Amino acid sequence: MQHDLPALHDLARRTIDASYRPFLGDEAVDWFIGSGGSDQHITDHLAHGHVRVLHVGDDVAGLTILDGDLLDLIMVDVSRHGQGLGGVLLADAEAQLHQEHPVARLESFEGNTAALGFYLAHGWQETSRIPAAGGMPARITLTKSRPA
């Protein structure tokens, strides 16, 4: 998977640039991408075996980062939105998380209404809210229990 690292960095940068501006703002998005924070997050998790990659043909089409019981990140290449790949990634992440954890969790930015709608439509439930603090916007914690 190390050979996918440049494509994973590119996918994350393009996705953050295209999708996060409405709820994080231009300054925060530009800083996160420009600081290398996005690249470092993926590099660190890849080194620990937390990254799962979705390929379509030879292309990196999406990724998830799983860390303990947490779905830390899910991204689909912006050029492939609307093709059902998010559902594929989410189902795979849930299956992996539920192998070891009876309850999986994730956090989403409160303003990311598209992601929140996606998670709720796939059976995730809001369990708490984290107020904005320390420069971080408000977030919502969602959970999903292992199927019976």
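Hi everyone, let's start where two helices meet: L5, L8, H9, A12, R13 and I16 of helix 1 are in contact with S38, D39, I42, T43 and L46 of helix 4, contact being heavy atoms within 4.5 Å. Helices here (H or I, at least four residues) and strands (E, at least two) are DSSP runs, numbered from the N terminus.

A quick word on the source: this is a predicted model, where local features need pLDDT of at least 70, side-chain atom pairs count only at pLDDT 80 or more, and totals for chains, interfaces and linings use all residues. Residues are numbered from 1 along each chain as its sequence is written, and side-chain values use heavy atoms, with hydrogens and water left out.

Back to our pair. Helix 1, residues 5-19, packs on helix 4, residues 37-47, at an angle of about 140 degrees, and the axes are 9 Å apart. That makes helix 1 oblique to helix 4; angles under 35 degrees count as roughly parallel, over 145 as roughly antiparallel, 65 to 115 as roughly perpendicular and the rest as oblique.

Now, which residues of helix 4 are buried? They are S38, D39, I42, H45 and L46, where buried means under 20% relative accessible area and exposed over 50%, with a 1.4 Å probe and protein chains only. These residues cover an arc of only 145 degrees around the axis, which puts them on the same side of helix 4; the arc is that of the directions from the helix axis to the C-beta atoms. Their cover includes helix 1, helix 3 (26-34), strand 1 (51-56), strand 2 and strand 3. After helix 4 comes G49, with a positive phi near 75 degrees.

Let's move on to helix 6, residues 113-121, whose buried residues are A115, L116 and Y119. Down the helix axis they fall within an arc of 100 degrees, so they line one face of helix 6. Turned away from that buried side are the exposed T113, A114 and A121. G123 follows helix 6, and its phi is positive too, near 90 degrees.

Y119 also brings us to the largest nonpolar core, which has 19 residues; Y119 is among those touching the most other members, along with L71, I74, L90, L106, W124 and L142. Such a core is a set of buried Ala, Val, Leu, Ile, Met, Phe, Trp, Tyr and Cys residues joined through side-chain atoms within 4.5 Å. Helix 5 gives the most to this core, with 5 residues. A second, separate core of 16 residues includes L5, L11, Y20 and V60. Thanks, everyone!

Technical notes. Axes fitted to C-alpha atoms, helices over the stretch in contact; angles between N-to-C directions.
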